[in-house]
Every structure is written in structure tokens, then in C-alpha cells.
Amino acid sequence: MIGRRDFLLSASAAFAAVPAARAATQSYAAFLAGVRAEAVGHGLSATIIDRALALHAPNARVLELDRHQPEFTLTWAQYRQKVLTQKKLADGRAAAASRATLLADVSGHFKVDRQPLVGIWGLESAYGTRMGSFHVADALATLAYDGRRASFFRGELMNALRILDHGDVAPDSMLGSYAGAMGQPQFMPSAYLRYAVDFTGSGRRDIWNSEPDVMASIANYLARCGWVAGEPWGQEVTVPATLAQAELGRGNVRTLEDWMGQGVRRADGRAFSRVDIRGAVIRPDGPGGEAFMVYRNFSVIRRYNPSDFYALAVGLLGRDVT
């Protein structure tokens, strides 16, 4: 996910409660031995665990990326230009058109519109072409041993080992980002355990190579977070410059009739057709910038990544390519 995703709590919380500080007190080999003992103690296959944890040292590149994340702030206008490029839109139209039948099947099964499926897929992995090249167990073990959020990553490492134990993917094929976000949907292991779907009936939830599983997993995530099929996520609107920024924001939900009374209109200047619908106005860059009316499905997209910019980009990308 382009701004980092919401890290979901593990379905197996018992794995997560481990002290964070350890790098100064034990070797990496001792740390891995402790992880192995814990995993085997929970009934996971020793053979699989040994394959996954055949590591010799923390991954220096993972630590570099974790400790030197760029600190800069983009405006919404800059973010939109950076993320919603003409190439991303053209690639999305081609990807959606060639997968129309799959999208229709998944959309119908999970009652989730196809637009957010393609939008998330496009932002997370450029339609399956970029999903990270780090071995997930290696990255998570490194961050659990010597990272800023060691306890969190220890829990995610244990969840990754559970996935491997189930046989959904082999250790060498479990690839993702330096922070452990996996496959085309960029699920953390905890999110995978909660939402990943075997849509093909193969017995494996393959979010790396199986596009049906990828689309179904994203759809299942949104469905279980409350997506309402047929309802919009939002729309571009015009807002009078006199309407104070303090009156806007996701927390200020009103009927469209109330908003029209404040001078808010559709992007084309016309009145809203359904005045009883409730929504909120967000104007990310303040007066003079773009404004959007957002509805409850917008909040569902934010469950995937708690960023207004991300949710807007998903919505606009999905709208423009499907």
C-alpha cells in the first residue's frame, strides 16, 4: 500500500506478547532459536520452521529502509500527480478490461464493486507487477530482533510461520516488502490470516500468483469491513471559499440537503439528486484546493490504509479505469 497500510492486530494474539528489547542482550542465533522453540511449542512443523529461519544475520537492507524512511509531506495535489499517473491509468484500463470476467465473478460473490478492487490492486502492486522482493520471514525476523516495533513484528513473524506451516506458500516464495507486506494485495501476515481467500479451490490462498485469490482476498477484506455494494465512495464537489475548513472533515457528516444549504454542489455545479444521503466534505489542501464529498464506503477503504490521500486515490483510480 503506497502510504503504509493499517497493520492489523494478529488473529493469534498469544504470539505477540514478547519483550521488544533484545538486540543488546542476545545474539541473532539465540533470538532465532527462541522463535523456533515458540513456534514448535505452538504445534508448527519443525521442518518448515527450520527452512524459514535458516538465517545467519539481520538483513542490513531491511534495517536501512526501516531506519531511514524519507520524511517529507506531500500536498494532496502533489500526491495525486505522483500516484495517479497517465501510465497508471492506462495500465489500469488494460488490466481491468482483460480481467472483466474475473472482476465480475469476484464482485458478485463478495458484493463489493469492482472499482475499489482495481484501485487497491493498482496502488498496492501496480496491477501485480511490483510486490516486493524481500523474503518475508527474513524481513520480519530482522525487524523483530532489531526494529523500532520489535514486539509487533515478532507477532507478524509468528503469523508468517503459521502461513508457511499451513502450506499456502513455500518460504522461498513468500515475498513482500521490507516491512513484511506480502503479495499483490500487500497483506501483513495477520491480515492474510484474517482475510485471504482460496477462490480457486486449490487448497492454498495464493496472493502472490493467483489473480482470483488476489481479487477475492481484497474483496473479502472490504466486505468484512462493511462495504455496501452499489453505493459510491465519494465524488468531487465544489465548495464555497467562505465555508471554513473547520466545518469540513470526515467527522462532520450531514445530509446533502444540509450541505447544499452551505453552498456545496456537484463538480459540474448542479444540485445533488439524492438530498437525504449523508456525507462529509474533505478538502485536503484547504481553501482553493480540490474538495470531495465522501460516504461510508470511503471509510471502508480507509480500513485498508488509514489515509485520506490513499482512499481518495483508490476511489479515483477505480473510477477512471473501470
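Predicted model: local features only at pLDDT ≥ 70, side-chain atom pairs only at ≥ 80, totals over all residues.
The chain holds 14 helices and seven strands, and its C-alpha trace spans about 65 × 45 × 35 Å along the principal axes. For 322 residues, a compact globule would have a radius of gyration near 20 Å, and the chain, at 22 Å, agrees with that. Buried residues make up 50% of the chain, while the accessible surface comes to about 14100 Å², with 51% of that area belonging to carbon and sulfur atoms. If we take the contacts with a separation of 6 or more, 72% of them are between residues 24 or more positions apart.

The chain is divided into domain 1, which takes in 28–67 together with 130–205, and domain 2, which covers 234–315. Taken over C-alpha atoms, the centres of domain 1 and domain 2 are separated by 39 Å.

I would now like to turn to helix α7, residues 114–125. With 12 residues, α7 reaches 17 Å from its first C-alpha to its last, which is close to the 16 Å expected at 1.5 Å a residue. How many of the residues of α7 are buried? The count is 10 of 12, so that this helix is mostly covered, and the buried residues include W121, E124 and S125. As for what covers them, the buried residues of α7 pack against α4, α5, α6, α11, α13 and α14.

Both sides of this helix deserve a look at the backbone. In the loop between α6 and α7 we find K111, which has a positive phi of about 60 degrees although it is not a glycine; at 52% relative accessibility, K111 counts as exposed, because the cut-off for that class is over 50%. Just after α7, A126 takes a positive phi of about 50 degrees. For context, most residues other than glycine have a negative phi.

A further case is Q186, which lies in the loop between β2 and α10 and has a phi near 60 degrees, again a positive value in a residue other than glycine. Is Q186 buried or exposed? Its relative accessible area is 4%, and Q186 is therefore buried, since the limit is under 20%.

Next comes strand β7, residues 291–294, where A291 and M293 point one way and F292 and V294 point the other way, all of them buried. Which strands pair with β7? Strand β3, residues 234–238, pairs with β7 in the antiparallel sense over four bridges, and strand β6, residues 278–282, also runs antiparallel to β7 and is joined to it by three bridges.

Finally, I will mention G269, whose place is in the loop between β5 and β6. With a relative accessible area of 43%, G269 is partly exposed, because that value falls between the 20% and 50% cut-offs. G269 and L317 are 48 residues apart in sequence, and their C-alpha atoms are 23 Å apart in space.

Key: Residues numbered from 1 in each chain as written. Heavy atoms only, no water. Buried < 20%, exposed > 50% of the residue type's maximum accessible area, 1.4 Å probe, protein only. Helix = DSSP H or I, 4+ residues; strand = E, 2+ residues; numbered from the N terminus. Pairing = 2+ DSSP bridges. Expected span 1.5 Å × (residues − 1). Contact = heavy atoms within 4.5 Å. Domains from an automatic or database assignment. Rg over C-alpha atoms; globule rule 2.2 N^0.38 Å. Areas by Shrake-Rupley, 256 points an atom, 1.4 Å probe, with all protein chains shown as cover.
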